Each structure stands twice: as C-alpha cells, then as structure tokens.
Amino acid sequence: MSPVLLAVVAVILCILFRILNVNSQPQNPVIYGRDRSFIENILFVSPFLNEAYFPTRLWGFSGHVQTILHSLIGRVRCPWPIGGRISLVLPDKSTLTYDLYEPVGSEHEGHTDDFNYMIENLMERYPNTKLILVGFSLGGNLITKYLGEERKRPANIIGGISICQGYNAIDTMVYLLQWQNFRRFYLYIMTDNYRNIITRHKRMLLSPEMKSRYCLDENMIVSAGTLPDLDEAYSRRVYGFESVADLYKWSSSAFYLHNIKTPMVFVNARDDPIVPEPLLPIVREFVSSHDKAMYLELAHGGHLGFYEGGLLYANPVTWLDRALVGLVGGLLMAHNKCSPKDALAHADCSASDDEPDLIKSTTIVYRDPLDKVSSKCN
C-alpha cells in the first residue's frame, strides 16, 4: 500500500473518530434545582438518574449520530402500543386528532389552544384521572408554555416533563442560522419539512380565500430558504403578528416560565446539535430559583436520541424511556406526599426517615440565579 493511500486512510479515520467522539467517556447527569425534597422523591423512584449514562460505544457519543438515527428510525425494535385515535371538531371548524393509549397494567409506578381542547376532552372522558404532561422538542416548549400561561387549567394536572426543548425561539434561531456544528443543515431540513406540509395541503392552506385574507404570496412561501423566511411569508401573517420576532416571543416558553406553579422536570443534552448549550442557562436559572422544579443535563444523547448500551447495536429501551417511567413515578410520589391533607402535617413534604438520602451522592448544582459568573457547569 502506497504512503499516500495510507495517509488518506489515516486522515479519514481521524475525521471519523472526531465525528463519532469515541474518546469521550460516560458521565453522570448534572442535576440542577433548589428543592431538596422534590429532587429526593424523584431519585427515590429513579436512583439510576444518579448513575452514569452509557451511550452505545461506537457512535452513541456523537450528538449528530444520535439525532439523525432518532429522526430516521426512532426506537430500536420497540413494540408499538395499542391505542385509539380521538377526533375533535374545534370551534374554528378545524379537526384535532390525538392518540389515546390506555395502561395495560395496574402498576403504581404548536398551539396551546388546541392542546387545551385535548386536555379538556380527556377530562370529560376520565374526570378522576391524574395527568402528567410530557413534551418532546417543540412539544416540550408547548406544554411549558401551556403551564405558564394565564389560563384556566384542570386541577388534575400534577406535573410536566419537558425533553430537549430550546426555550427561546429567538435565540435558538440565531444559532440555527449558523453553519457551526452543521446547525444550518438541520435548519434546512426543518424548513423543507414545514414547507412540504403547507404545499401538501395547499388546497386549504393556500386557497384563494386564504391568500386574500392574509396577503399570502405563494412564490415567497415556496422559495423560502430558512424558517424565518417561511414564517415571514406564512406563519406570522396567518397568526396575526406584526413581525417574526413577535411570533417567536409569543411562542417561546422562556417568557412564561416565571408563572409556572406546576411541578416540572426538564431534560437536555449538551451535545444536542439543534439546542446548543448556550441556550440552557435559562432553565438552569429557573430551577435554581423555584421550588418543585428539577433539571437533568446530560453530556451526551443528542436531540431526543439517548440510545444506550451495546457496541454497535443499541438496547431496545433507551435511557430516555427508562427516565420517563421513573420521572412519572417520582412526580406521582411528590404529588401524593404533598397532597392537601398531608401538607398540613408535613409542611416540607420531605422524605420519611426510613428512606435513603440519595442526594448526598448526587451532583446537584444549587446556585444563586443572579450569579452569572458561576453559571458554567463543570
């Protein structure tokens, strides 16, 4: 083999190893929050959240691979739950559908108006049930915004879990418009997907009546190169905003966090190529200044991936799958301990003496939210 060919192979291997980030090591999640008893309840049900996360060895340490695999194949060899599809006709004559999956065992353990209709419909069907809202990516932003809005919500909602949201659409778009870490590529994919949805339903979304009412230019919509361009040509006009910035501010959960009273758990990964680390201080500061709030920050996992185990083939159940089951159980435990009848007897809703103190060995960051100097997580 010639020296030139050997050099080319060596360069390719170096690039591949760099992209796959194979030199990284498993790390424990960093837990942010100031409410000791709330975090203790979560960890009592899910002690593995205090343990190192082991991504799939050959490719799991790359946020790009985790993100792309999740978008292409989703879960690995995961059985699809059996459920039913519910359809609702809303006051504006649009149709809202959602899938309802009922539990198979008896174990213990976009738009907020549309989401609210779904919640109300669920309450009509199951008035005595308890609800924990779980949102992924934009869904995480939606449920966070919903819980922070000035609106009437069912008392049955006992908690929320947000996974991999960006919190502030204005700041997120600043990073997505950059080529660094291939973010502009992800933005192109998202723009193309959104544009395809509009054009696929152009008979309704781009009808002559819609074009006339909202001053829509189909050529601008089809030729939009980025999400801000597409939102300028379509979204902000349809929703009645003066500018794209106003639309993004209205839709960002960051501007509603201060009003949240429902217990919340947030999860993000620092290697998420769509939600980069500079966007995460918002949630760190929120949980550091509010009770009944916890934030799990992982070094790896990408955007919604969190595949774990194995050398090449990941385990069928991901870290995120296990975490969600544990977080739901922890939120339910925290709710039961802090129910009105118990709150009078136990004002702090703290763990009982016979439960282990799991916080002692946990990496938890308690920080003054005004202390900007120490905002970096080591």
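Valine 4 counts as exposed, because its relative accessibility is 62%; exposed means over 50% relative accessible area, buried under 20%, and partly exposed in between (1.4 Å probe, protein chains only). The model is predicted: local features need pLDDT of at least 70, side-chain atom pairs count only at pLDDT 80 or more, and totals for chains, interfaces and linings use all residues. Residues are numbered from 1 along each chain as its sequence is written, and side-chain values use heavy atoms, with hydrogens and water left out.

Valine 4 lies in helix H1, residues 3-20. Helices (H or I, at least four residues) and strands (E, at least two) are DSSP runs, numbered from the N terminus.

The protein chain has 15 helices and eight strands. Of its 378 residues, 45% count as buried. The chain exposes about 20400 Å², and carbon and sulfur atoms supply 59% of that area. Accessible areas come from the Shrake-Rupley method with a 1.4 Å probe; for residues, only the protein chains shown count as cover.

Eleven aromatic pairs were found in the whole structure. Rings of Phe, Tyr and Trp (its six-membered ring) pair if their centres lie within 6.5 Å; planes under 30 degrees apart are stacked, over 60 edge-to-face, and the rest tilted. Tyrosine 32 and tyrosine 295 form a tilted pair, 5.5 Å centre to centre, with 35° between the planes. Both tyrosines are buried. Tyr53, Phe306 and Trp319 form one aromatic cluster.

Charges also sit over rings (NZ of Lys or CZ of Arg within 6 Å of the ring centre and within 35 degrees of the ring normal). Lysine 145 places its charged end over tryptophan 250, 4.3 Å from the ring centre. For lysine 249 over phenylalanine 255, the distance is 5.4 Å.

The search found zero disulfides, a disulfide being a pair of cysteine sulfur atoms within 2.5 Å. Cysteine 164 is buried, at 0% relative accessible area. Cysteine 215 is exposed, at 57%.

Proline 273 is found in the loop between strand E6 (264-269) and helix H13 (281-288). This proline counts as buried, because its relative accessibility is 0%. Proline 273 and tyrosine 186 are 87 residues apart in sequence, yet 8.3 Å apart in space, C-alpha to C-alpha.
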